[in-house]
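Hello,

Here is the structure you were going to look at.

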Amino acid sequence: MARDKANPCEVDQEKYDADDNVKIICLGDSAVGKSKLMERFLMDGLYPSSQPQQLSTYALTLYKHTATVDGKTILVDFWDTAGQERFQSMHASYYHKAHACIMVFDVQRKVTYKNLGTWYAELREFRPEIPCVVVANKIDADIKVTQKSFNFARKFSLPLYFVSAADGTNVVKLFNDAIRLAVSYKQNSQDFMDEVLQELENIDLEQKEEELPDQEQCGSTKSLPPS
Amino acid sequence: MTCTAKKCGIRLQPPAIILIYENEMKGKSRQRIMPVRNFSKFSDCNRAAEQLKNNPRHKSYLEQVSLRQLEKLFCFLRGNLRGQSLAETMEQIQRETTIDPEEDLNKLDDKELAKRKSIMDELFEKNQKKKDDPNFVYDIEVEFPQDEQLLSCGWDTESADEF
């Protein structure tokens, strides 16, 4: 929270409180194919595809998308990292108000799978409850991996998708599922942490109000000459 | 002029790129020797390859020869000028043109990361189905059942507490 306030993001994040707006973040190591997955998904041509927005200050790329979920139009902002993932940590504002997370690794590089643990821990630090999906990308390079088990997803009961940004396998399904999860999360549950933080803020305000008269009294007593 | 490239190689002394091609008009194999000038053991192979490929005299002949192949040939020449053995040069090329799966790319600087990405892009482009391909399908769903019979990916260690 404190970090968040110290560095207000140049993106207006208030809009993510609106019913028809969701924010989905992508996480994962350098060169696992996060941006390529985004580009493949947005190749639909159904909606005019806008250019992704580069927000260099926060090292992120924003992709806008319009989806229809249960007959309702949903505005989706996909947040993609742009280099900051190298530090294996993202700025707090990246997680702020996110409704779902897409976590990607490269099936050809073990280290990117091993690092999922670090990414997941950070995600849960900021967003303990949001839906998260795990993506095994680049299956076109080695289709045999699709016959193997990856315990990370199983351990945390997260859905696992075998995809290829190159040939398109399961990319659209992955993103549509993620959008659905984000929307249903938003409709059905307030993040527990949000509630707690909100309550804490309220308590803080109440306390301050209560403290004010006390402080005045305190001040007046002090100004009195010692008896 | 139409010409079909058959083979492309390098001659070390005097240095030249040699192309075996077929002139479609006659269906006959021909050889073109393209001398390499101003190349030293300090030269940039990528730049040398680009210059040769764009040379107005050779351009049309080299259309079918990839920049990467030319770059590799220049690397052989440079290795030779540096006194490396062929095996050493081969190993160096291998190292520079493939991804070490154990390497943590998060730890690289922009330039090195861009290099790795361009190596990866090669496979990506080879397997890529583009939007304007006649058999392009936007939504491709394939089910890969994750049941208990699967082999382990080998990346999970015995202790389940690792993550």
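N170(A) sits in the loop between strand 8 (160–162) and helix 7 (171–188) of chain A. In this predicted model, its phi is near 60°, a positive value in a residue that is not glycine. N170(A) has a relative accessible area of 5%, so it counts as buried.

K138(A) is another case. Its phi is positive too, at about 75°, and it is not a glycine. Look for K138(A) in the loop between strand 6 and strand 7 (148–149) of chain A. Its relative accessibility is 17%, and the cut-off for buried is under 20%, so K138(A) counts as buried.

Chain B has a backbone point to check as well. The peptide bond from Q13(B) to P14(B) is cis, with omega near -15°. Most residues other than glycine have a negative phi, and most peptide bonds are trans. P14(B) is in the loop between strand 1 and strand 2 of chain B. A hairpin links these two strands through four residues. Strand 1 (residues 3–11) and strand 2 (residues 16–23) of chain B run antiparallel, joined by eight bridges. Within that pairing, K7(B) is opposite I20(B) of strand 2.

On confidence: chain B has a mean pLDDT of 89, with 94% of its residues at 70 or more.

Now chain A as a whole. Its secondary structure is eight helices and eight strands. Of its 227 residues, 51% are buried. Take the contacts in chain A with a separation of 6 or more: 72% are between residues 24 or more positions apart. The chain exposes about 11000 Å², with 52% supplied by carbon and sulfur atoms.

Helix 5 (residues 116–126) of chain A is worth a look. Its buried residues include W119(A), Y120(A), E122(A) and R124(A). The buried residues of this helix pack against several elements of chain A, among them strand 1 (21–27), strand 5 (100–106) and helix 6 (151–155).

Last, the interface. Here 48 residues of chain A contact 42 residues of chain B. The two chains bury about 4000 Å² between them, 56% of it on carbon and sulfur atoms. There are two salt bridges between chain A and chain B. One of them pairs D121(B) with K36(A), with the closest N and O atoms 3.1 Å apart.

Best wishes

Methods
Residues are numbered from 1 along each chain as its sequence is written. Chains are lettered from A and ligands numbered from 1 in the order in which they are written. This is a predicted model: local features need pLDDT of at least 70, side-chain atom pairs count only at pLDDT 80 or more; totals for chains, interfaces and linings use all residues. Side-chain values use heavy atoms; hydrogens and water are left out. Buried means under 20% relative accessible area, exposed over 50%, partly exposed in between (1.4 Å probe, protein chains only). Contact means heavy atoms within 4.5 Å. Two strands pair if DSSP finds at least two bridges between them. Accessible areas come from the Shrake-Rupley method with a 1.4 Å probe; for residues, only the protein chains shown count as cover. pLDDT is the predictor's confidence in each residue, from 0 to 100. Buried area is the accessible area (1.4 Å probe) that two parts lose on being put together, summed over both. A salt bridge is a side-chain nitrogen of Lys or Arg within 4 Å of a carboxyl oxygen of Asp or Glu.
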